[in-house]
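Jotting things down in the order I looked them up.

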Amino acid sequence: MKALELVRLLKTKLSEDVYTYDYNRETNKLRLTHKATGKGIEISVPPILAKYETKKEVAINEVVYTIHETFKAMEKEMAGEIDPSFSVYPVIRSTSFPLKSNEGNRFITKDHTAETRIYYAVDLGNTYRLLDEKMLADWKIRETEVRERALFQVRNLENRFKTDEVAGNIFYFFNNNDGYDASRILNESLLKDMKKKITGDMTISVPHQDVMIIGDIRNETGYDVLAQMTMHFFTVGTVPITSLSFIYENGDLEPIFIMAKNRVSKENEDK
């Protein structure tokens with residue numbers, strides 16, 4: 001499927017009577033604007049096309065559902081139905097993700113790694129709304145309070161995972177479909193508990209928002225498998241974050257490409 005075919009297909013499911021469509025060929029992004037509210041969202045097209053290759057109609061239905069729920073959340077906000085009594089969670093995004101809303105309000109964020117940044121969202125059941133300065137000012141809530149609430153909430157999430165072994169390496173997949181799988185990288189207690197299971201290098205990957213992969217890398221092949229795995233998830237994710245993985249050691253996250261450089265340097269020093 002090509003980009004313009006995807007746009008035409010979406011128009012059959014999300015009527016042009018309700019939405020206006022603006023596809024940018026240069027950025028490969030599609031902007032939908034709700035005519036009644038004037039609110040709009042941007043969608044990156046390549047991840048949807050990649051997911052369509054494997055999931056076909058299911059991939060399209062997922063996108064349509066996400067769009068419906070996102071605009072429903074916007075309508076709730078405009079009606080004043082969102083308030084701080086809802087649960088607040090941290091969400092992980094790429095550092096290339098916008099720092100301001102479409103209305104120009106600065107999102108509430110916190111630095112995380114060179115590849116990732118923490119945003120904060122109010123949970124609305126089937127979707128969530130990223131918090132910005134205007135929302136906090138309206139509620140008279142401080143940013144520090146939001147961050148504390150969010151960390152508390154992410155620690156209370158259920159942490160189911162599946163395990164797979166490839167070439168002697170163990171991989172743990174967190175895919176709870178609650179919108180906050182990548183956010184579990186901020187749960188220090190969880191990471192420390194997983195560290196106890198691991199005999200090799202502990203790696204953590206958050207290729208998109210709906211998965212976190214913890215690796216027990218016991219040989220060099222494990223790093224090759226991890227690189228291919230994270231790139232695949234990064235490509236098919238609805239909200240891609242980073243294809244780069246991290247080494248977890250002593251509570252710190254260090255990008256693996258830096259680790260590789262350090263190892264080469266150390267080997268040269270040993271010689």
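This is a predicted model: local features need pLDDT of at least 70, side-chain atom pairs count only at pLDDT 80 or more; totals for chains, interfaces and linings use all residues.

In what order do the strands of the open three-stranded sheet come, and how do they pair? I read the order as β1-β2-β3, with antiparallel pairing. β1 (19–24) and β3 (40–44) sit at the edges with a single partner strand each, so one side of each has no neighbour in the sheet.

Next, the β1 pairing. I found six bridges joining β1 to β2 (residues 29–34), and the two run antiparallel. One partner I looked up by name: Y19 is bridged to H34 in β2. As a reminder, strands of a sheet pair through backbone hydrogen bonds, either parallel or antiparallel.

Then I checked what packs around the sheet. Helix α1 (residues 3–13) packs on the sheet and touches β1 and β2. The direction of α1 makes about 175° with that of β1. Helix α2 (residues 45–55) lies across β1, β2 and β3, and I get about 55° between α2 and β3.

Confidence check. The average pLDDT is 87 for the protein, and 92% of the residues score at least 70. The stretch I marked is 258–271, where pLDDT is below 50. Beyond near neighbours in sequence, that stretch has five contacts in the model.

On to the rings. How many aromatic pairs does the structure hold? I have eight written down. For F161 and F174, the ring centres are 5.2 Å apart and the planes stand at 45°, so I logged the pair as tilted. F161 is in the loop between α5 (143–155) and β8 (162–166), while F174 is in strand β9 (residues 169–174), so the pair ties together parts 13 residues apart in sequence. F161 is partly exposed, with a relative accessible area of 32%, whereas F174 is buried at 0%. I also noted one aromatic cluster, made of Y89, Y128 and Y180.

Charges over rings came next. K11 lies over the face of Y21, 5.4 Å from the ring centre. R93 lies over the face of F97, also at 5.4 Å from the ring centre.

Last entry: D224. I placed D224 in helix α7 (residues 220–236). Is D224 buried, exposed or partly exposed? D224 is partly exposed, because its relative accessible area is 48%, and the cut-off for exposed is over 50%. I also looked up D224 against E103: they are 121 residues apart in sequence, and 42 Å apart in space, C-alpha to C-alpha.

Technical notes. Residues are numbered from 1 along each chain as its sequence is written. Side-chain values use heavy atoms; hydrogens and water are left out. Two strands pair if DSSP finds at least two bridges between them. Helices (H or I, at least four residues) and strands (E, at least two) are DSSP runs, numbered from the N terminus. Contact means heavy atoms within 4.5 Å. Axes are lines fitted to C-alpha atoms, for helices over the stretch in contact, and angles run from 0 to 180 degrees between N-to-C directions. pLDDT is the predictor's confidence in each residue, from 0 to 100. Buried means under 20% relative accessible area, exposed over 50%, partly exposed in between (1.4 Å probe, protein chains only). Rings of Phe, Tyr and Trp (its six-membered ring) pair if their centres lie within 6.5 Å; planes under 30 degrees apart count as stacked, over 60 as edge-to-face and the rest as tilted. A charge sits over a ring if NZ of Lys or CZ of Arg is within 6 Å of the ring centre and within 35 degrees of the ring normal.
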